[in-house]
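I opened the model and kept notes as I went. Fold first, then sheet, then rings.

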Amino acid sequence: TKSFTDLQDKVYGNGNDFSIIIVNCLLAVVCKKINSSSTKLLPEFSNLNFSSWKNYIQSEGSVKELWPSQIELGRKGMFSGKSGIVQMPTSSGKTASINLMLRSAFYSNRIDNALIVAPFRALCREICRDITAHFVNENNVLVSEVFDLPEIPQDFLNFNDDKKRVFILTPEKLLFLLRNHQSLIDKIGLCIFDEAHLFDDPSRGTNFELLLSTVKQIFPKEIQKILISAVIPNSEAINRWFNEDG
């Protein structure tokens, strides 16, 4: 910006060598912060106006600066509705990234309902707690864990309101819903599978692959489907099979 250029010109004209080094370092840090700020990147990556993000960005506890992994997600189209496989190491901002994916989808009105599938009930509870914390101040978003009950309460799948919903459940419970509540399929616009390296699990890998095959077969192709894992082998081949093949 002009103010940065003016400051740099002033120091170059009147300052000593040390001052020039300091101002260049400061300007480099400021430029990096601006270029990775949520104010700049979230509207760009989600194809939305800043006004859609304004309340969230200015709220306490929001993501103010995107991490490198989240910037890469944005560049790959994950915040604008593209499906794919996400490889995110531990402590690389996975929950915050899921939060941004959900918000991008909700703010654009691409979807009203999302699924997050995790392999264990304990992990589902953890994800439910973390996602609820991200949306705690937004009354129009309901975050629910689908407990492993034999039956789903009758009012659980009531979509006759203006609420956005996030359902968090195990693969087994998702299969139960797909078999017994097929009307759910038409209501879902985003499906996120956490811990996708279960493909390699000797005890659950086959069942997980069958679940993905079922989702691929019966869900509409336009649904955004995301697999998340710290490490997943043959990710490109799996993504072609799950998200691109007819």
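The entries below follow that order.

**Ground rules**

I am working on a predicted model, so I noted the limits: local features need pLDDT of at least 70, side-chain atom pairs count only at pLDDT 80 or more, and totals for chains, interfaces and linings use all residues. Residues are numbered from 1 along each chain as its sequence is written, and side-chain values use heavy atoms, with hydrogens and water left out.

**Overall**

I looked up the secondary structure and found 10 helices and six strands. Helices (H or I, at least four residues) and strands (E, at least two) are DSSP runs, numbered from the N terminus. Of the 246 residues, 45% count as buried. Buried means under 20% relative accessible area, exposed over 50%, and partly exposed in between, with a 1.4 Å probe and protein chains only.

I then checked contacts (heavy atoms within 4.5 Å). Among those between residues at least 6 apart in sequence, 69% join residues at least 24 apart. The accessible surface is about 13,500 Å², and 51% of that belongs to carbon and sulfur atoms. That area comes from the Shrake-Rupley method with a 1.4 Å probe; for residues, only the protein chains shown count as cover.

**The sheet**

In what order do the strands of the open sheet run? I read S1-S6-S5-S2-S4-S3, with parallel pairing. Strands S1 (84-87) and S3 (141-145) are the edges, each pairing on one side only. Two strands pair if DSSP finds at least two bridges between them. Neighbouring strands are turned by 15° against each other on average, direction ignored. Axes here are lines fitted to C-alpha atoms, for helices over the stretch in contact, and angles run from 0 to 180 degrees between N-to-C directions.

I went through the pairings. S1 and S6 run parallel, joined by four bridges. Val86 stands opposite Ile228 in S6. Two helices pack on the sheet. Helix H8 (171-180) touches S2, S4 (164-169) and S5, and its direction makes about 120° with that of S4. H10 touches S1, S5 and S6, and its direction makes about 145° with that of S1.

**Strand S5**

S5 has S6 (224-229) as a parallel partner over four bridges. S2 (113-117) also pairs with S5 in the parallel sense over four bridges. I noted two partner pairs: Ile116 with Ile192 of S5, and Phe193 opposite Leu227 in S6.

Which way do the S5 side chains point? Leu190 and Ile192 go one way, Cys191 and Phe193 the other. All are buried. In a regular strand the side chains alternate between the two faces of the sheet.

**Helix H3**

In H3 (38-46) I listed the buried residues: Ser38, Leu41, Leu42, Pro43, Phe45 and Ser46. They pack against helices H2 (17-35), H4 (50-57), H5 (68-75) and H6 (94-107). Just after H3, Asn47 takes a positive phi of about 60°.

**Rings**

My search of the whole structure gave six aromatic pairs. Rings of Phe, Tyr and Trp (its six-membered ring) pair if their centres lie within 6.5 Å; planes under 30 degrees apart count as stacked, over 60 as edge-to-face and the rest as tilted.

Phe45 and Phe79 have ring centres 6.5 Å apart and planes at 45°, so the pair is tilted. Phe45 is in H3 and Phe79 in the loop between H5 and S1, 34 residues apart. Phe45 is buried at 8% relative accessibility. Phe79 is buried at 1%.

Phe106 and Phe135 have centres 6.4 Å apart and planes at 65°, so this pair is edge-to-face. Phe106 lies in H6 and Phe135 in the loop between H7 (121-134) and S3, so the pair ties together parts 29 residues apart in sequence. Phe106 is buried at 5%, and Phe135 at 3%.

The charged end of Arg103 sits over the ring of Phe135, 4.2 Å from its centre. The test is NZ of Lys or CZ of Arg within 6 Å of the ring centre and within 35 degrees of the ring normal. Lys225 does likewise over Phe242, at 5.3 Å. I also logged one aromatic cluster, formed by Trp53, Tyr56 and Tyr107.

**Val231**

Is Val231 buried or exposed? It is exposed, at 59% relative accessible area. Val231 lies in the loop between S6 and H10 (235-244). Not counting residues up to four places away in sequence, Val231 touches Gln87 and His197. Val231 and His197 are 34 residues apart in sequence, yet 6.4 Å apart in space, C-alpha to C-alpha.
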